[in-house]
Amino acid sequence: MKQKAVFLDRDGTINKETDLLKNLSQLRLLPNVGKAIKKLNLLKYLVIIITNQPVIARGWATEQDVDYAHSVLLERLKRAGARVQGIYYCPHHPNANLKQYRIRCSCRKPNIGMIKKALRIFNIDPNKSFIVGDRTADILAGKRAGLKSILVKTGYGGQDRKYQAAADFQAKNLYRAVDIIKKYGL
Ligand SMILES: [Mg+2]
Ligand SMILES: [Zn+2]
């Protein structure tokens, strides 16, 4: 039996958007995020974070820095009773300062490399799964991967003007997005 999952963007969806999180003092959870993820746990969704981190390609943070930030993030969520099953990030950028990250990769959203990897590893059915994010790249990635998409009005709130992609649903924030998932999820 395949599992169902909710893919969550990180910056602007879970934590405050800061235009490239460079150090941990900038890591602020948005209101009710722990409660929202806890609800997803209770609804039997796997919770998987997928995030573009070009901050690495720029050379402003290392992969180790990002891993450490994620361990802190998971610990804070855990204290709120919320569990996250996976975190995937893309360190690349086509115009990276650091040569080793300067590629047109298949993982940077709106590409779906990170989603495809998680679908395979966790045996997830995309038709029963959602993506929640604040940027058009999140919505487009979700559509390309066959997920239902929810645009949240936190962070960029869909106003980044990068891609044409209409979300299936819109929600004020992640907590409200979970109401939609509860109502329309299979
Ligand atoms: Mg975002
Ligand atoms: Zn990548």
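Modeller: Helices (H or I, at least four residues) and strands (E, at least two) are DSSP runs, numbered from the N terminus. This is a predicted model: local features need pLDDT of at least 70, side-chain atom pairs count only at pLDDT 80 or more, and totals for chains, interfaces and linings use all residues. Residues are numbered from 1 along each chain as its sequence is written, and chains are lettered from A and ligands numbered from 1 in the order in which they are written.

Biologist: Where is D9 found?

Modeller: D9 sits in the loop between β1 (5-8) and α1. UniProt's unreviewed entry puts "active site" at D9 and D11. Such annotations may be inferred rather than shown by experiment, and UniProt positions use the numbering here, with feature names shortened.

Biologist: Is D9 buried or exposed?

Modeller: D9 has 27 C-beta neighbours inside 10 Å, so D9 counts as buried. The cut-offs: buried is 20 or more other C-beta atoms within 10 Å of its own, exposed is 12 or fewer, partly exposed is in between, with C-beta atoms placed from the backbone.

Biologist: Switching to α3. Which of its residues are buried?

Modeller: A69, L73 and L77. They fall within an arc of 75° seen down the axis, so they line one face of α3. The arc is that of the directions from the helix axis to the C-beta atoms.

Biologist: And which are exposed on the other side?

Modeller: Q64, D67, S71, V72, E75 and R79.

Biologist: What comes just after α3?

Modeller: G81, with a positive phi of about 80°.
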